[in-house]
Amino acid sequence: MENREVAAVFEEISNLMKILQDDPKWTFKAAAYDRAKRSIESYPERLEDIARDPNRKLTDIPGIGEDLAKKISELIETGQSRYHQEQLAKIPRSLLDLLQLQTVGPQKVRLFYKELNIRSVDELEAAARAGRLRNLPGMSVKSEENILKAIEVFRHAAGRFRLDTAFETAEELAAWLCEFKPVEQVTPAGSLRRGRETVGDLDLLVTGRDHPGTAEHFVKFPGVATILAKGEDKVSVKLKNDLQVDVRLLDRSAYGAALQYFTGSKEHNVALRDRAKRRGWKLSEYGLFHGDKVLARRTEEEIYAQLGLPWIPPELRENLGEIEAAEKGTLPKLVELRDIRGDLQMHTTASDGRASIEEMAEAAKQLGYQYILITDHSKAVTIANGLDEKRAVEHIRRIHAARQKVKGIEIWAGSEVDILGDGRLDYPDVLLKQFDIVLVSVHSRMTMLAEEMTARLLRALENPYVRILGHPTGRQILKRDPFAFDLEKVLDAAQRHGVILELNGSPERLDLCDRHVKLARDRGMKIIISTDAHAPEHFKLMRYGVTTARRGWMEKSGVLNTLPPQKLLASLRPLPR
Ligand code: DGT
Ligand code: CA
Ligand code: CA
Ligand code: ZN
């Protein structure tokens, strides 16, 4: 059992406690489960390994006491927790789906269930449409409307998976497949290879010497729930997390053609096939043909070259102008992960992060980074233990002190300052001026009208100390749509003031999204890509940010944190004298 699976069970137990409230100490216990969940999720080692090691104790993990350690052992040994199952049996299973809706937490679920006996998203929708939610305590016509919007997002999200889930699952599957010796190569294709923010299913291409054997081996992967199809050259399964995996077993000679075809997108393929047709040729998953004659099929490069084009990076293959650009020789030279020289949004134990300033700096240094910006939350974000003015000043001092301890990397003092409801900032200018770089973002009142939100953001950008706008649209993938606001106006203002937009690379945000990155790029605006790390192991999420930037056609020159430290500082909005 993976750490994230244990964390998911703990999260569900906490939610069940908050919905049921039938344990006299439920608030206390739920908080303990929440704490344990966060700790486990980011724990750098596998819990299974610790549990198996006679010299180690699960209770050494922060937030894990005797009772929770027992639950973890039980989960690892049996795949289940009896306590969890007992709690689950107390409510209709479909009730938990409500938690997927934005603005609906356990308290609201409890309210709907107790007051109106609502047991599923369908029943909640019916109640909202009938106007039966608005009169419940704490509800209004507005919040009823928001629930209907959230249900729409929920239905749209159903059946899609976040990029990080797809990526991690593909890695596990590839490792499993490679354990079977005749397997030569495993390559993810489809939307994962194109780096889309969500994927519908996983497409894996496998070459090797023994395909019937490979298929047999593949379906024994421990995560497989059902086998959907098993043929000569294709196996489809559904995993326990509901993700479908299509595996194609290929011959090496036509590998490039299959890779090109199954990478897609469908729209890109259709345009490319038309191009082949205009030359009197045929392009398929088996190759590029002139009659029976093979023109190209071994590599993607050969296929594109035969069609008179340079190889096109998978992230661009959406038929959004990339074929025309390839034809003209104006394809962008996309930014790469190795171009990144530092990370400009991260949290430490001072607010809601899980590592110290020094630990974050050491980890960044290990990655070869030249600088980091520490951006703990400001006081308005109480749930993230935001810093009040006094703590912020102390924190700046500690960041300065950390520079003496960790050499060889610039450690900049920053803050993720909350943009208050009216667009004022959560800190006064006298404090803002003490930071090296101020990043600002919205964390509250996200359902306000578009005009209000636009005015709020514009006012925030006017503050002369503001240099980066963090996760500019507030969306959370598969959970929360961007808030309503006039993006054009905000881009205009950011450009005018020299405020840099963040591409928050955390795979639950990817905000700016690919399309917005493209918009910014086409206006000649630059971005920074950050991870919003809450622990050292989150630095690796940078890859998702870079992928999204690439999908937005960004080149290295458009991403400021590819610059060395002094050049980066010189490129930011000049500070007031
Ligand atoms: P997804 O799974 O919804 O995130 O998106 P994809 O792009 O992975 O789509 P999927 O899994 O249905 O198919 C994988 C690739 O196979 C797709 O990107 C392009 C290719 N493909 C699938 N259906 C067609 C088709 O009807 N025509 C062409 N030309 N290519 C197709
Ligand atoms: Ca797919
Ligand atoms: Ca597929
Ligand atoms: Zn934030």
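Contact, as the word is used in this report, means heavy atoms within 4.5 Å. Helices (H or I, at least four residues) and strands (E, at least two) are DSSP runs, numbered from the N terminus. Axes are lines fitted to C-alpha atoms, for helices over the stretch in contact, and angles between N-to-C directions run from 0 to 180 degrees.

This is a predicted model, in which local features need pLDDT of at least 70 and side-chain atom pairs count only at pLDDT 80 or more, while totals for chains, interfaces and linings use all residues. Residues are numbered from 1 along each chain as its sequence is written, chains are lettered from A and ligands numbered from 1 in the order in which they are written, and side-chain values use heavy atoms, with hydrogens and water left out.

## Domains

The protein chain is divided into domain 1 (3-157), domain 2 (161-250), domain 3 (255-328) and domain 4 (337-571). These bounds come from an automatic or database domain assignment. The centres of domain 2 and domain 3, taken over C-alpha atoms, are 24 Å apart. Between these two domains, 11 residues of domain 2 are in contact with 13 residues of domain 3.

## Helix packing

Two packed helices are described by the angle between their axes and the distance between the axes. Helix α1 (residues 3-20) packs with helix α6 (residues 106-116) at an angle of about 45°, and their axes are 8 Å apart. Angles under 35 degrees count as roughly parallel, over 145 as roughly antiparallel, 65 to 115 as roughly perpendicular and the rest as oblique; α1 and α6 are therefore oblique to each other. The crossing of α1 past α6 is right-handed. A crossing is left-handed if the near helix is turned anticlockwise from the far one by less than a right angle, and right-handed if clockwise. On the α1 side the contact is made by N15, K18, I19 and L20, and on the α6 side by P106, Q107, V109 and R110. By class, this contact of α1 with α6 has 4 nonpolar, 2 polar and 2 charged residues. In this classification Ala, Val, Leu, Ile, Met, Phe, Trp, Tyr, Cys and Pro count as nonpolar, Asp, Glu, Lys and Arg as charged, and the others, Gly among them, as polar.

Residues V121, D122, L124, E125, A127, A128 and R129 of α7 meet E144, I147, L148, I151, F154 and R155 of α8 in the contact. The contact of α7 with α8 has 8 nonpolar, no polar and 5 charged residues.

## Strands and sheets

Two strands pair if DSSP finds at least two bridges between them.

| Strands | Sense | Bridges | Partners |
|---|---|---|---|
| β5 (224-230) and β6 (234-239) | antiparallel | 5 bridges | I227 and V237 |
| β9 and β10 | antiparallel | 3 bridges | H290 and K293 |
| β14 (437-441) and β15 (466-469) | parallel | 3 bridges | L439 and I468 |

Strands β5 and β6 form a hairpin with 3 residues between them.

An open sheet of 3 strands has the order β8-β9-β10, with antiparallel pairing. From one strand to the next, the twist averages 35°. Within this sheet β9 and β10 form a hairpin with 2 residues between them, and G291 in the turn has a positive phi of about 60°.

Another open sheet has 7 strands in the order β11-β12-β13-β14-β15-β16-β17, and the pairing is parallel. Strands β11 (342-343) and β17 (527-530) are the edges, each pairing on one side only. Helix α16 (residues 357-366) lies across β12 (371-377) and β13 (410-418), and runs at about 145° to β12.

## Backbone features

Most residues other than glycine have a negative phi, and most peptide bonds are trans. Q21 is not a glycine, yet it has a positive phi of about 50°; Q21 is placed in the loop between α1 and α2 (26-41).

The peptide bond from G264 to S265 is cis, with omega near -5°. S265 belongs to the loop between α12 (255-263) and α13 (266-278). A cis peptide bond also joins D511 and L512, with omega about 5°. L512 is found in the loop between β16 (500-504) and α21 (514-522).
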